[in-house]
Amino acid sequence: MGVSLLVVGAILLSSCSFLGVGANTAGSNGDTVAIEYWDWWVTQGPTIDKEIQLFEQVHPNIKIKKTTQVVDRYPELLQLAIKGNTAPDVFLVPEKPTFIEQVKQGWLLPLNKWATKDWQAQFPPYAFAEGSNVIDGKIYTVPYEGPGPWLQLYINTKVFKDAGLVDAGGNALIPKTWDDVRTFAAKVTKASGGKVYGFGFGDKQKTILPWQLMMVQNSGAPGGNSGLDAREGKYTWASNPVYLDWIQFFMGMKQDGSIIPNAMSMDDEMARAAFADGKFAMLIGGVWNQTGWAQTHPGFKDYAVAQLPYEGPEQASYFYQSPGGTGWAISSQTKHPEEAWLWFEWLNSKEAAVRWVKDGQGLRIYPEANKLEYATTPQFKQFMQIAQTDIRLGPAPNLEHPEMNEVKMRQTLPDIQNILEGIYSGQISDWKGALQDLEARQNAELQQAIKETQARGINVDPKWWVVPDWDITKDYKK
Amino acid sequence: MSTQSVATVRKVLGFSIPWNPQHLLKQIKKNYWSYLFLLPMAVLVGLFVIYPMVASVHITLYDWNGIGNPTRFVGLRHFFTVARDGLFWNAVKHTFTYALVLVPIQLTLALALALVLNNPRLKGSTVYRAVFFSPVVTSAALVGVVVSLLLSSSGMNLSMALVDAGIISSPIDWLGDPRFSLAAVIGVGIWHTLGYNLVYFLAALQSIPKELYEAADLDGANAWQQFTKVTVPMLREVGAVIVFLAILGSLQVFDLVLVMTGGGPYFSSEVVSTYIYHYAFTPASIQVESNVGYASAAALFMGLLVMGITAMQLVAVKYAHERRAEIK
C-alpha cells in the first residue's frame, strides 16, 4: 500500500511538471529561467520571435515564453492573470484600465533600480512624463512607438491603373480630399462593371467604422473619432460640422455603390485580404497592414500609402502626439525581476528599435532609429514620410493635472460605433439628431463623472479639460 | 419560511407528496449512494453557478469596473436604469423572438426526424443519428465563425447571383443587414442544437409500448391517426419537458450572436446576454469604464423576469390541469 502511494505520488508530481504547473521557476540545473511574455501582436509576431531568438543567444539561461493574446480581450485576460497570481513577467501595457489605475492596483513593478539616469538619457526628452509613465518619480514603462499617424489610406495601385486613375507618368493617382476619394471610388466601380469596388472595410468586430471616421482627423476635428475637442473641453459630435459632413460623404459613397457590399460582415483581416486580392481599391488601416500582407500575400506589392484624406480644400488639422506614453512593463508579481528587466531592456534597446523599423513594423521612440534609409519597401518609406509631415505636438492637460485621470466616464450607448452602424445600415435616418443626442449624453456623462470625482474628495476642475489657446495647425506650446 | 407557506408554494407548483422532513431524511439514508454520487456535481454547480449568482447580487449595488474591489455604492440605481433602457427591452424582445421562432421550428423538425429515425425499416439509422447530432458537439463559437465566413464570402456570391438574376436590386450583406441578421442567427441556432431535441424525442418514441401501435393497427388506424391518437398523447409529458428545456436554452443564446453579428448592426440582433456582455466588457480601444455592476443588475433583472414568466406558466398549467379535472 505504501509503495503504491509512493508510485501514485511520483506519477502525479511528474505529471505536474509535464503540464507546466510550477513553470517559471529555475530548471533542474538551477540556472535556466523562463520569462512569460504577453502581447497582442499578430503581424508584428515574426519580429518579436526574431528578438526572442537573438536575446536567447546572448542570454542562454533565459527562455522567453511568448503568448499572443486577442487584442479585444487583452485587458480582461491580463486582469484575470493578475488576480490569479499568474501574471506574465513582461507584458505590453493595455490601454485599459488607465495606466494610473494599473499602478494603483499594484500591477506594475517600478523600474528605478535598473532605469538609471544613463539608461534614461538614451531616450528623447519627451519619452518620460510624470503622470504618463512615471508616477511620483517611479518609472513603470517607456513608450516604444515613435510619433506618427496611426492610420493611413492604402491604395491598390493595380486597381487604380486598371480604372485609368493614373497621372501623366502612369503612376496611380493619390486622393487628397474626400471628394477625390468619392470620385475615384465611383470610377473604379464603374470601370470594373461593379466587379471591383472603390472602397472597403471590415467592421465585423464593431471597431472599424470609427477608423473610417478618422478621416475627420485631418479635417478640423482634432479629437478624431473620440469626439472630444480639447479646445472646448467637450464632445463636439454635432457642434463640429465636420462629423456630419463626413457622414454625408461616406453615405454618398455607399449610395454610389462604391463600397464593397459585405463590409459589415467581414472582419478587418478579411478586408485586408480582399484588398490585396484586388476586390476593392482603397482601405484605411495602420502600418501593421504592410507586414500582414508580407505574410499573407508575399507577392502583393502593388499598393501605395497616403495620409488620410481631408475634407478640403486644405488640411485643417493633424494627428497629435503628447509626451510620455506606454509600452512594455514588468509585472509586480514577477519572481525573476532581474531576468525580466534584461528582456525589457532588450525590447527597448536602440538596436532592437532599428531592427523593428527595418522590418517595417513602424516607427520607434528613438529618432535615430527612424531613418528613411532603413525602409526596406517603398510603402514603408511612404509611411515614414507621412509621419514626418502629418504629426504635431498636442496639449496634454492630464499630465499637468494628473487628477483628471481619476475621472471615470461610464459607457453610454449608443456610442459612435453603434450610431455609425445604425446610419450605415439605414436604421438611423436622422443623422444630425443622432449626433446631437450622442454629444449631449457624453457631455452630461463627463460632467457627472467630474462631479462624482469631486464628491470622492478629489480636486478636479472642469476648466482643466479646456485648452482654448490651442492652434490645431501648429505644435502646441504652453 | 413557515411550514404553511412552504405547503402553499408546493401546492401551487403541483407537488402532490406532502412535505415531511423526516420522510426526506429517511429517503436520503436509504439511498445514500445516489446522493453521494450526485454530491460532486452538486458541489460544482454550487461553486460555479449558484455562488456566482448569489455573489453578483452584491455587485449589482455598485459601479464597478471589475478591477480591485467594488467601492462606489449606487444602491438600486442600476435596476431603475435597466428598467428604463430602451436598448435593454430591445434585447429582451430579440431574446424572446429568438426563442419563440426557434423552439417550434426546431422541435417540429426534431420530432419529424425522430419519427423517421425510429422507423425500424430505416437502414443506417445510427449513422444518421450521429450526423444530426454532430453539430451539437461542435462549439457554438466555432460554428458562428465558420458560418460568418461562409455568409460573408459565399453568401455574397449568392447575393450577387440574385442581383444578376433580377430577383433583388442590390446585394444583401446577410449578417450586416438588420432585416436578416437575427434571422441568420436563428437559422444557425435551429441547426446547431437540433440534435439535442432529436435524441430526446427519439428516446421518448422508443419508450412508447409497441403494443399500443399494434392495437391501433388492429383497430384500423392509419399512420396519421396513430400519430395523433397514440404518439402525441404518449409524448405529452416528455414533450413538455423538452419544450421547457428548449425555451430555457434558447433564452440563454450568446456565443452565436456574439460571434456572428456582435448584436448588430445597431442592436438589430442584440439579445440580453450580449447586452450584458457589452456593458461588462467594453472594447479595449474605447476609454470608458466597463460596468460589471450594471451588467450584473441587467442579468439579475432578466433572471427575475424569466423566473416570473416561468412561475406564471407553472401556475397557468396547474390551473389548466385543475380545470380539466373539474370538467372530467
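1. Strands (E, at least two residues) and helices (H or I, at least four) are DSSP runs, numbered from the N terminus. In these terms, A:Pro313 is found in the loop between strands E12 and E13 (319-321) of chain A. The peptide bond joining A:Gly312 and A:Pro313 is cis, with omega of about -5°. As the model is predicted, this assignment is a feature of the prediction.

2. On confidence, the model scores ipTM 0.85 and pTM 0.88. Chain B has a mean pLDDT of 88, and 91% of its residues reach 70 or more. Within chain B, confidence is lowest in helix H1 (residues 3-13), where the mean is 57. Confidence in chain B is highest in helix H5 (residues 86-117), at 96.

3. Chain A is divided into domain 1 (32-146 + 323-393), domain 2 (152-321) and domain 3 (397-465).

4. An open sheet of five strands in chain A has the order E2-E1-E3-E14-E6, with mixed pairing. Its edges are strand E2 (62-68) and strand E6 (142-143) of chain A, each of which pairs on one side only. Helix H12 (residues 337-347) of chain A packs on this sheet and touches E1, E2, strand E3 (90-92) and strand E14 (327-330) of chain A. The direction of H12 of chain A makes about 170° with that of E14(A).

5. The pairings within this sheet may be taken in turn. Strand E1 (residues 33-39) of chain A and E2(A) pair in the parallel sense over seven bridges. Among the residue pairs, A:Ala34 has A:Lys63 in E2(A) as its bridge partner, and A:Asp39 has A:Thr68 in E2(A). E1(A), helix H2 (residues 45-58) of chain A and E2(A) together make a right-handed β-α-β unit.

6. What is the sense of the pairing between E3(A) and E14(A)? These two strands pair in the antiparallel sense, over three bridges. Here A:Val90 stands opposite A:Ile330 in E14(A). E6(A) and E14(A) are likewise paired in the antiparallel sense, over two bridges. The bridge partner of A:Pro143 in E14(A) is A:Gly327.

7. A further open sheet of chain A consists of four strands in the order E8-E11-E7-E12, again with mixed pairing. Strand E8 (197-200) and strand E12 (303-306) of chain A are the edge strands, each pairing on one side only. From one strand to the next, the twist averages 20°. E8(A) and strand E11 (residues 280-285) of chain A pair in the parallel sense over three bridges, and A:Tyr197 has A:Phe280 as its bridge partner in E11(A).

8. Which helices of chain A lie across E8 and E11 of chain A? One is helix H7 (residues 178-191) of chain A, which runs at about 130° to E8(A). Another is helix H10 (residues 268-276) of chain A, which lies across strand E7 (152-156) as well as E8 and E11 of chain A. Helix H10 of chain A runs at about 140° to E11(A).

9. Where the two chains meet, 33 residues of chain B are in contact with 32 residues of chain A. Helix H7 (residues 140-164) of chain B gives the most to the side of chain B that touches chain A, namely five residues. By class, that side of chain B has 16 nonpolar, 14 polar and three charged residues.

10. Two further backbone features deserve a reader's attention. The peptide bond from B:Gly264 to B:Pro265 is cis, with omega near -5°. B:Pro265 lies in the loop between helix H11 (255-260) and helix H12 (272-280) of chain B. In chain A, A:Asn85 is not a glycine, yet it has a positive phi of about 60°. A:Asn85 is placed in the loop between helix H3 (74-83) and E3 of chain A.

Notes. Residues numbered from 1 in each chain as written. Chains lettered and ligands numbered in written order. Predicted model: local features only at pLDDT ≥ 70, side-chain atom pairs only at ≥ 80, totals over all residues. pLDDT = per-residue confidence, 0-100. Pairing = 2+ DSSP bridges. Contact = placed C-beta atoms within 7 Å. Axes fitted to C-alpha atoms, helices over the stretch in contact; angles between N-to-C directions. Domains from an automatic or database assignment. Nonpolar A, V, L, I, M, F, W, Y, C, P; charged D, E, K, R; others polar. Right-handed = clockwise from strand over helix to strand, strands pointing away.
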